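This briefing describes a structure with two chains in contact, topic by topic. Look at the sequence and the structure first, then read the notes below.

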Amino acid sequence: MDDGRTSAIDVVRASKIYRRFSHRKQFATLKSALLSRSLIKNLRPDETFTALDDVSLTVPKGRTLGVIGRNGSGKSTLLKLVAGISKPSSGSVRVDGRISALIELGAGFHPEISGRENVFINGIMLGLTKREVTRRFDEIVEFAEMKEFIDAPVKTYSSGMYVRLGFAVAIHVDPDVLLVDEVLAVGDEGFTHKCLDKFAEFKRRGKTILLVTHSLGLVERFCDEALWLDRGRIKGSGDPKRIVGAYITDVEKREEQELAAGDAKARESASTVIVSPDEPASAVLPDNPVETATGPADMFRATEGRWGSREVEITDVALLGADGQAGHVFQSGDPVEMRVRLRAPLPVEDFVVGIGIFNAEGVCCYGTNTTIDELLPERLHGDADAVFSIESLDLVEGTYKMDVAVHKMDGYPYDYHRLLYTFRVKSRAKDVGIYRPRHTWRFSGDMRFKPKP
Amino acid sequence: MFHNLAQLPRYRGLIQSLVARELKARYRGSVLGFFWSFINPLLLLLVYTTVFAYIMPARFTGGDEPKPFADAYPYSVFLFCGLLPWTWFASSLNESAGVLISGGNLIKKVLFPAEVLPIVTALANMVHFFFGLPILALFLLYSHAPVTPGELLWFPVIVLVQLIVTAGLGLLLAALTVHFRDIRDILSNVLTLWYFATPIIYPWQHAPDLGKWFLNANPFTHLAISYQEVLFFRGPFGHWRWLLALGAASIAFFLFAYFVFDRLRDTFAEEV
């Protein structure tokens, strides 16, 4: 084995700059270019977009590199450069050996002719000779599970069949370097497993794989190395577990900012839109978060909004993580505290503080208030904090919204914040439902499991 | 450029199978299928013959001896000699103009030699031209056209020159249309004008002197005259000097077109 010594892919300081022609967008015609005598001028770009910025990487022979990053981070551009479909604006790309790019499967299929003929033409397009295709034909058809449809015109295929056949041809090109761009998202579970098995076989045979994917689990399990691209730059590379971990943290941080911005916007519009008292509030509520004095007639039809007399005001709501920092993204099972800041300019003796948690479908996951929890109000004056402490946030992954309210015991609202606060629960486990009970499995008899590798 | 050009022979397997695919796909689903390759030129011929023999009869001098164009057959044959190659030429250019855009998936998603596409277009239309030849041969036999084996040897040369001209223009149009989409719309009108500026429905001798000068500047004139002289007119093939000159020029033009295509190649994946 000469692993590590010779490299299969060498990208040296490659940048890709896409030019945008805004003039040409408006007058994209030869005639107008000639008439205005600005043919040359119009061919000059007005603005540029840097899709890849000074990226260098080396993939040794026989290694599998996973490329991760948010949408638009340059992953596919990188793959196209390595595939040779587009050229870097600067820098160089060198690939050693036959490449097969699973970028768009079945890209060259002609809809009118049969699957059989398309397999041949596609194979030849991908660099095989006619004889090589003939030799591998049965294997291709079997892999694609297309035996009975292979002589039907491709236009009659379902999209799954189309992609399966395209994948089967591309994978049977027997490349030295395999480039994969998020193609495992298509096809059913069974086919996905088959593809993964095929990739594993490639790995065993010492082929080099470059995998672009959003499936972080796949990168952790399958890749020898990971590369994290962010806005066209390499933000990290190395051990998949470490890179994926760093990436997840970054994604959470961004989500955090987005949620905070979204909540701020919702609250701002809730306190600026004023509706005249005669207008039935529920008529406008579904579209606009509004502030009214009395609240909507049917509270549960309300989407977002704020209403109440403000004799007691909610001045701030924050979700605090284990570290005491306010945040919007939590891991399932984390301890969380919800801090409600109240202000009562005059002392009040009749008050209830309530909290409700709703999931994205609007289902109430949990709701309680101080009265339900058998706390009777005595006195509230000035600034005060009510902290609702959750020992363990046992919700499944998803986005949740919160109602926070302070009102009289008979329901008269002081300040009602409807769905104005958003938080997201993250989880590595992809369980379903709303609530995750603390659980374990126990087995008896001759029944054994082994942990997932 | 020359490096890429040298690669071209390596794609012959690909070109071959793509031409076969074009031909198969074209008439897939129609009742008459392949027969359209024969029927189409026949119908076209019928239309022209009806118009120029019966609706607005043309006076016609063929070869050396002037004869009034009374019977429809010789004129049809004369027309056919120019019309069939023109159909190959015109439809190749029309299709080439859009071929990179319609094949955008290949260029953007697969490592694919783009120059193959316009070349395949020229070749596929050439095969259609060949399908029309038996019909032409029948007409020639029926009208006792003075075809001699010696002259017929020139026929493949004419076809080859036309192929190079067509492929060169196809490459150029394909590459430019990616950047200027409206070439496709301009092209159909230019081709109509070009058609009438070529001695196809009238013989070259009928043109006024100034027109002759103009016609000589049109490359397809020499192809049309060559076809007509070899297949239709009596007497030795006198136009061969023009044909060989055009052949040499067309090779130079093809190289120029390939150069332009090669220079623009890297922009295709982004602009298509």
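Two residues are in contact if their C-beta atoms, placed from the backbone, lie within 7 Å. By that rule, 26 residues of chain A and 23 residues of chain B form the contact between the chains. The model is predicted, so local features need pLDDT of at least 70 and side-chain atom pairs count only at pLDDT 80 or more, while totals for chains, interfaces and linings use all residues. Residues are numbered from 1 along each chain as its sequence is written, and chains are lettered from A and ligands numbered from 1 in the order in which they are written.

**The side of chain B that touches chain A**

- Helices (H or I, at least four residues) and strands (E, at least two) are DSSP runs, numbered from the N terminus.
- The contact takes 23 residues from chain B, and the elements giving two or more residues to this side are α2 (12–26), α5 (104–109) and α12 (240–271) of chain B.
- The largest share, 7 residues, comes from α2(B).
- Ala, Val, Leu, Ile, Met, Phe, Trp, Tyr, Cys and Pro count as nonpolar, Asp, Glu, Lys and Arg as charged, and the others, Gly among them, as polar.
- In these classes, the side of chain B that touches chain A has 10 nonpolar, 4 polar and 9 charged residues.

**Chain A as a whole**

- Chain A holds 11 helices and 19 strands.
- A residue is buried if 20 or more other C-beta atoms lie within 10 Å of its own, exposed if 12 or fewer, and partly exposed in between, with C-beta atoms placed from the backbone.
- Of the 453 residues in chain A, 35% are buried.
- Among contacts in chain A between residues at least 6 apart in sequence, 70% join residues at least 24 apart.

**Helix α7 of chain A**

- Helix α7 (residues 159–171) of chain A has 13 residues and reaches 18 Å from its first C-alpha to its last, close to the 18 Å expected at 1.5 Å a residue. The expected span is 1.5 Å times one less than the number of residues.
- Because 10 of its 13 residues are buried, α7(A) is largely enclosed by the rest of the structure.
- The buried residues of α7(A) include A:Y162, A:R164, A:F167 and A:I171.
- The cover over the buried residues of α7(A) includes β5, α5 (115–125), α6 (130–144) and α8 (189–204) of chain A.

**Two open sheets in chain A**

- Two strands pair if DSSP finds at least two bridges between them.
- One open sheet has 6 strands in the order β5-β6-β7-β3-β8-β9 (chain A), with mixed pairing. Its edge strands are β5 (99–102) and β9 (233–238) of chain A, each pairing on one side only.
- In that sheet, strand β8 (residues 225–230) of chain A pairs with β9(A) in the antiparallel sense over 5 bridges, and A:L227 stands opposite A:S237 in β9(A).
- Another open sheet has 3 strands in the order β12-β14-β17 (chain A), with antiparallel pairing. At its edges stand β12 (313–320) and β17 (380–390) of chain A, each with a single partner strand, so one side of each is left without a neighbour in the sheet.
- β12(A) runs antiparallel to strand β14 (residues 336–348) of chain A, and 7 bridges join them. A:V317 stands opposite A:V340 in β14(A).

**Positive phi in chain A**

- A:R13, in strand β1 (residues 7–20) of chain A, is a residue other than glycine with a positive phi near 45°. A:R13 is exposed, with 12 other C-beta atoms within 10 Å.
- A:D174 lies in the loop between α7 and β6 (177–181) of chain A. Its phi is positive, about 60°, although A:D174 is not a glycine. With 15 C-beta neighbours inside 10 Å, A:D174 counts as partly exposed.

**B:L172 in chain B**

- B:L172 is found in helix α8 of chain B and is buried, with 24 other C-beta atoms within 10 Å.
- Not counting residues up to four places away in sequence, B:L172 touches B:A257 and B:V260.
- B:L172 and B:L93 are 79 residues apart along the chain, and their C-alpha atoms are separated by 9.7 Å.
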